[in-house]
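Welcome, and please load the model in your viewer.

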Amino acid sequence: LLDATLNRIEAARNLNAVVSLNEGASEQAGQIHRRLAAGEHLPLAGVPILVKDNISVAGTRTSCGSKILASYVSPYTATAVARLQAAGAVIVGKANMDEFAMGSSTESSAYGPTLNPWDTGRVPGGSSGGSAAAVAAGLTPVALGSDTGGSVRQPASLCGVYGLKPTYGRISRYGLVAYASSLDQIGPFAHTAEDLALLMNVLAGQDPLDATSLDAPPAFAPGTPEDLRGLRVGVVKESLAGNTAGVDATLQTTLDALRGAGATIAEVSLPELKYAIAAYYLIAMPEASSNLARYDGMVYGARVAGSDVTEAMTLTREQGFGPEVQRRIMIGTYALSSGYYDAYYSKAMKVRRLIANRFAEAFGQFDVLVTPTSPFPAFRRGEKTSDPLAMYAADVDTVAINLAGLPALSVPAGFETVNGVTLPVGIQFIAPALQDERLVRLAGGLE
Ligand code: GLN
């Protein structure tokens, strides 16, 4: 299985979904044979998995899609990865990503863009585009990404696979390189609800190494159509404008399927969502500016020599970080600075609270909420690279969920034909905090 996987990865090199291979994979596969022979029960025995290149695997490079970490080898393993390995999975390599998970297209990687397997002239979404493209192209059956504002769900939608962003704290962040710590969460990509359940039952759980991880033992199982009967589904009104025709049609087909299975559908308005993008970027960028201060050329990765320490740090950061990362560090620092903190960061935190409250209120009436995952299917490579605001707007349906810490799942639900090319379309379901299981049950019911 490992050889077949490596052959597939080699054959799909043009996609640039994989940035490095795990040299320890074949030894790990051997260990799994021995553990099985010894009678151990391994729920993921031999399953080949790719993980996004901001998740640490001891002895392998963790570049975060950045030049500044081109030579950085992780000395330890992320808890999520350790859990997969304990369950018998084999980490075959690392997946491409936007630099430091900042982006929605995987075009800001220092290692070149990842291509969408459905149409290589288009982006796979981002920032976990390598993981999404790899699963869509069948390189591995499942993969891990991280989702700070949509980076698992949006590429899942654009590549036609499932992508789950769990409740904040459901999966340990230990060993996930921080972008915006109060929003970051690791999440799985898969082709079926059953695979999602298998993975989540291994990944979720409290971790003494992550103080924000939650004590909520996982009980995931794919549901059946029976589980949809009586489900109260709220369609978020604010997500209904500005979508392409194929996205609108896919939402309607999905609602019809739910209705047909006995769910009740009603519209719900969450007016504060119009501030979600602004609040998200005013929180994510300040957190990023602080988290990325550690790349000063002294401890991690690359160092460019200078005549004194200040010059060495300046040159290292100037040459090591790409333009999007530099832009965010500058805006984040600005929003945190004295005189501007109250106007920007502190106001964004208040909006964050209002959004979370509004979601909580909606969940008094609904079991799940539904929106498109993205207003459009995969866009052309280069289409948004010169317009950062257009790129940020691609996250309009996903960022609010991270602000509120909620779980959400992008379900591959339909297609849109653009210039004769078939592109996948995803629909996003949102559940109350800690009801991640409900999303996987629902997904099974819709299959
Ligand atoms: N595209 C969003 C951003 O650039 C989300 C990224 C993510 O979830 N990591 O911040």
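The tour starts with the sheet, then visits helices, the ligand and a few backbone details.

Before selecting anything, note that residues are numbered from 1 along each chain as its sequence is written. The model is predicted: local features need pLDDT of at least 70, side-chain atom pairs count only at pLDDT 80 or more, and totals for chains, interfaces and linings use all residues.

**The sheet.** Show the strands. Helices (H or I, at least four residues) and strands (E, at least two) are DSSP runs, numbered from the N terminus.

**Strand E3.** Select residues 90-95. Six of the six residues in E3 are buried, a term for residues with 20 or more other C-beta atoms within 10 Å of their own; exposed means 12 or fewer, partly exposed in between, and C-beta atoms are placed from the backbone. Strand E1 (residues 18-21) runs antiparallel to E3 and is joined to it by three bridges, with Ser 20 opposite Lys 94. Strand E2 (residues 48-52) pairs with E3 in the parallel sense over five bridges, and Leu 50 has Gly 93 as its bridge partner. Follow the chain from E2 through helix H3 (residues 79-86) to E3: this β-α-β crossover is right-handed, meaning that, with the strands pointing away from the viewer, the path from the first strand over the helix to the second runs clockwise.

Pick Ala 266 in strand E8. Is Ala 266 buried or exposed? Ala 266 counts as exposed because it has 10 C-beta neighbours inside 10 Å. Its C-alpha atom is 6.1 Å from that of Val 235, 31 residues apart along the chain.

**Helices.** Now select helix H6 (residues 193-203), where 10 of the 11 residues are buried. Leu 196, Leu 199 and Met 200 are among them. These buried residues pack against H3, strand E4 (142-146), E5, E6 and H14; contact means C-beta atoms, placed from the backbone, within 7 Å. Just after H6, look for Gly 205, with a positive phi of about 145 degrees.

**The ligand.** Select the surroundings of the ligand: 13 residues, the closest being Ala 101, Ser 104, Thr 148, Gly 149 and Ser 151.

**Backbone details.** Finish in the loops. Between E3 and helix H4 (129-136) you will find Ser 127, and the peptide bond from Gly 126 to Ser 127 is cis, with omega near 10 degrees. Thr 106 belongs to the loop between E3 and H4 too; its phi is near 60 degrees, a positive value in a residue other than glycine. Thr 106 counts as buried, with 35 C-beta neighbours inside 10 Å. Cys 64, in the loop between E2 and H3, has a positive phi near 55 degrees and is buried, with 30 other C-beta atoms within 10 Å.

Note on methods: Two strands pair if DSSP finds at least two bridges between them. A residue is near a molecule or strand if its C-beta atom, placed from the backbone, lies within 6 Å of it. Two residues are in contact if their C-beta atoms, placed from the backbone, lie within 7 Å.
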